[in-house]
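Please read the points below with the model open beside you, and look up each pair of side chains as you reach it.

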Amino acid sequence: MKIKQLTTIISCTLLLAACGKRSEETKPIRKDVTETVFASGVLEAEGTYTLTAQTDGYLIQIYFKEGDIVKEGSVLAVVDNKENKYNTESTTALYNIAQSNLSPNAPALMQAKNTVVVAKRNLEQDSLQWERYKILLATKSVAQVDFENAQLKYQTSLASYESSKENYKLQKQQAEQSLINNKTLKEVNRVVFGKNEIRAVVSGRVYEKRKQKGDFVRKGDVIAVIGNANNLYAKINVDESNIGKIKTGQEALIQLNTNKEKIYKAIVGEVYPAFDEASQSFYCKLVFTDSLDFKISGTQLQSNIIVGFQKNALLIPRNYLNFDGTVQIKGEKQPTKVVTNFVSTYWVQILSGITEATVLVTENISTNKLDTSEVGASMRP
């Protein structure tokens, strides 16, 4: 008796469970569809670059604020690096000394030049003396040894004169080399000292200020982000599964997060060749064809890139497609495999496996009431 009662209870439970299941049914429809690729991104100024510190030190002056228009070469900030200053002053002083050492009144050169003058005078005198002794020796009016002594003195004076000339050349050459070396050092340190002043590389608008007066910066630290004052574009992230569909020249629709009521038209201007590891996506550049009335770099946005168009496509609601790529046909026990093309949030394009007459059922009840005017993330009927 107890077994019969238990069996009856189980049977009733199963019946109630079966009766509690809800299902929906539908038929595929035919519609023209536009395939789009959804991508988010930000507004970015054309020619954006980072203004960086070229030396270590404290920022003692900042001559800009966010939104300012700056000109190429203008000083935007000053770093207090005293080492660069002292090196510049030292090499400038050494250059001035080297320059004075090459002047006609330089002590070393004057001394070497006077040595040449004295040696030349001695040579002239010893040359005349030797000539006299040659004449006297011919008439036997002087001893051979006196003649030889006169000859030796002349030769010594000649060697001394030649040596003094070479010494003068060497002194002048050394002074010239010292001047060149010190001039080079002076110019190098002038350039290094000039790095204390941070200048705008290219004219543009300051879109971001990263440092404040009094901050300590190291070489390479970003002080500001600067870009074109008027020309902004959309920099978007496209995932790996969709990047193959993106081509330059394709039309796109952009919606700024600051005003989701307005849509801007654009085209794909560039597909960057590198994969970004941080975002795990590819970057693309969308160029606005509509006039952009909101120009703040960094503004977040959403875009839909039109990558294809299908006329008279066969569509079913997304919730009728199972995760294994099958659909359930009414009256059949086993699911049927279908071949799909576009798959969006709400709709699926079917290439084969079912027809317009096929009745589909699903227990995956959609909470959204769909109609053919709804737009999905990657397909628009």
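Predicted model: local features only at pLDDT ≥ 70, side-chain atom pairs only at ≥ 80, totals over all residues.

1. The structure holds 16 salt bridges, and a few of them are taken up here one at a time. Asp32 pairs with Lys311, and their closest N and O atoms are 3.5 Å apart. Because Asp32 belongs to strand 2 (residues 29–45) while Lys311 belongs to strand 15 (residues 300–317), this pair ties together parts that are 279 residues apart in sequence. Asp32 counts as partly exposed, at 35% relative accessibility, whereas Lys311, at 59%, counts as exposed.

2. Strand 2 also contributes Glu35, whose side chain meets that of Lys245 in a salt bridge with an N to O distance of 2.8 Å. Lys245 sits in the loop between helix 5 (240–243) and strand 12 (251–256), so this bridge ties together parts that are 210 residues apart in sequence. Is Glu35 buried or exposed? With a relative accessibility of 9%, Glu35 counts as buried, because the cut-off for buried is under 20%; Lys245, at 35%, is partly exposed.

3. Glu162 and Lys165 form a salt bridge at 3.7 Å, N to O, and both residues lie in helix 4 (residues 144–194), where they are three residues apart, about one turn of the helix. Glu162 is partly exposed, with a relative accessible area of 36%, and Lys165 is partly exposed as well, with 29%.

Methods
Residues numbered from 1 in each chain as written. Heavy atoms only, no water. Salt bridge = Lys/Arg side-chain N within 4 Å of Asp/Glu carboxyl O. Helix = DSSP H or I, 4+ residues; strand = E, 2+ residues; numbered from the N terminus. Buried < 20%, exposed > 50% of the residue type's maximum accessible area, 1.4 Å probe, protein only.
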